[in-house]
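Dear colleague,

Please find the structure below, together with its sequence. My notes on it follow.

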Amino acid sequence: SADGLELSWLFEAPVAGSGDLVVRYDVETSMASSVTADGGACFALEGVGGVSIGAVTGVDARGVSVAGELELHGSTLELRLPQAFVDDAVFPVLLDPLIGTQFLATTSATYDDSRPDVAYDGSNDVYLVVYRRVFSATSQAIRAQRIDASTGAMIGGFLSVQSVASADNPTVANINSRDTFIVAWEAAPSIFSAKDISCRAINAASGVMSPITIVSSGVGDAHSPDISGDNSEASSAATSGALITYVDSVGGLLLMRVDCATPGAQPVVAAAVTISSHTGAKHPALSKSNPGDGIFAVAWCEPSLGSNALYVRGYDRTLASVMPLGVVVASSQPEPGRCDIDGDGTNFVVLYEVSESGAPLGTAATDIFARGIRADSVAWAFTSGPTPIASLANIEEKDPAIACCGAKYLALYSRQ
């Protein structure tokens, strides 16, 4: 449908018989089929894209959920929920696999493309994918590609955001009222130079890029940027900018606002504040789904009492501090690593790495945990967790990312 691709089965009453609950399809397609490393199925045309199915979930009337399984045998696809769950379930029961199309945003078979990020412009129905391309140890680039949201087709060729000796960690956000994407990244003219945070605007309709704006203003090494835009449709001074957070090796963790006066105009640094003066701050993340008048939450890690702790603070769009420092994971708990945060401007979920068995980071495999927090006027309140999201023994689960999708959250991570 126009709302996207969806596949699910709702069972109003138990199915006759016993055993696992199985939905079986006979798939007819000219695309090559394969089983993915995470147990899903992929139907794809090489160099073009295709359809992926996986992450089967069962949910009963009480909200009790279970992970199901997917099996692919030739042209037969089976979606399965375990008997133990089905026998105990309160009907109706929903069998809901994750399904979506996949397409190529880059097509190089020669160079490594990595560090992807994506944003969406609702006015033009266009995505912008940004990524890092490595040509050599001393030649790297930040590139962008517009994608038609309705067809998945690339719009024009790639955009060369910057080519330089050292470039990394691109991040992108959309300012809907300005029909503009803003890309931020870290770069240096040589591998021996201190890195700066730069940004530039890209017109969502035309792909025209603005000149580059240097965001960082300190004398230290600037790194680890993250950016949050504004999806408001009404155009005003309050909705014409984006927030960028990054770490400066001298100044600590900073937060800046950059504004765009017109679609695709060069971003102008409008304001800056210090979130934390600790120069050991790392892995900063900004919430991205909150409305323009809501709280923007910043989560990050920094050393405390010999171990990392995970913190959060809240700001409004003018960079006024509206929520005090909160501790999401204390240093006495399993040490947190990379994190991400999102929410609706009041309620948020923090997704983060921890080492298995409480071991120091880097000495054991990592798991993914989540914790819900709420901005209660003068203090942060925990609403859930810490809850394990991915905790297979001796398996590396890392690189968390989370998106607020109305009443639900979508959590992503890598598994190795």
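How many bridges join strand β15 to strand β16, and in which direction do these strands run relative to each other? Eight bridges join β15 (residues 180-188) to β16 (residues 196-203), and the two run antiparallel. Strands here are DSSP runs of E of at least two residues, and helices are runs of H or I of at least four residues, both numbered from the N terminus. Two strands pair if DSSP finds at least two bridges between them.

Before the details, a note on the source. This is a predicted model, in which local features need pLDDT of at least 70 and side-chain atom pairs count only at pLDDT 80 or more, while totals for chains, interfaces and linings use all residues. Residues are numbered from 1 along each chain as its sequence is written, and side-chain values use heavy atoms, with hydrogens and water left out.

The chain as a whole

The secondary structure of the chain comes to one helix and 31 strands. Of the 416 residues in the chain, 45% are buried, where buried means under 20% relative accessible area, exposed over 50%, and partly exposed in between (1.4 Å probe, protein chains only). Among the contacts in the chain with a separation of 6 or more, 51% are between residues 24 or more positions apart; a contact means heavy atoms within 4.5 Å.

The strands

Strands β15 and β16 belong to an open sheet of four strands, in the order β14-β15-β16-β17, with antiparallel pairing. The edges are held by β14 (166-175) and β17 (213-214); each has a single partner strand, so one side of each is left without a neighbour in the sheet. Glutamate 186 stands opposite isoleucine 197 in β16.

Strands β10 (residues 112-121) and β11 (residues 126-136) also run antiparallel and are joined by eight bridges. Aspartate 117 stands opposite valine 130 in β11. The hairpin of β10 and β11 has four residues between the strands, and aspartate 125 there takes a positive phi near 55 degrees.

Glutamine 162 lies in strand β13 (residues 154-164). Glutamine 162 counts as buried because its relative accessibility is 19%. Its side chain makes a polar contact with the side chain of tryptophan 185 at 2.6 Å. A polar contact is a pair of N or O atoms within 3.5 Å; within protein, one must be able to donate a hydrogen and the other to accept it, and residues adjacent in sequence count only if both atoms are side-chain atoms.

Aspartate 168 is placed in strand β14 and, at 13% relative accessibility, counts as buried. The side chain of aspartate 168 makes a polar contact with the side chain of arginine 115 (3.0 Å). Not counting residues up to four places away in sequence, aspartate 168 touches residues including Arg132, Trp185 and Glu186.

Alanine 141 lies in strand β12 (residues 139-148) and is buried, with a relative accessible area of 0%. Leaving aside neighbours within four places in sequence, alanine 141 is in contact with residues including Tyr131, Gln162 and Ala167.

Charges over rings

The charged end of arginine 143 sits over the ring of phenylalanine 158, 3.7 Å from its centre. Likewise, the charged end of arginine 371 sits over the ring of phenylalanine 382, 3.5 Å from its centre. The criterion is NZ of Lys or CZ of Arg within 6 Å of the ring centre and within 35 degrees of the ring normal.

With kind regards
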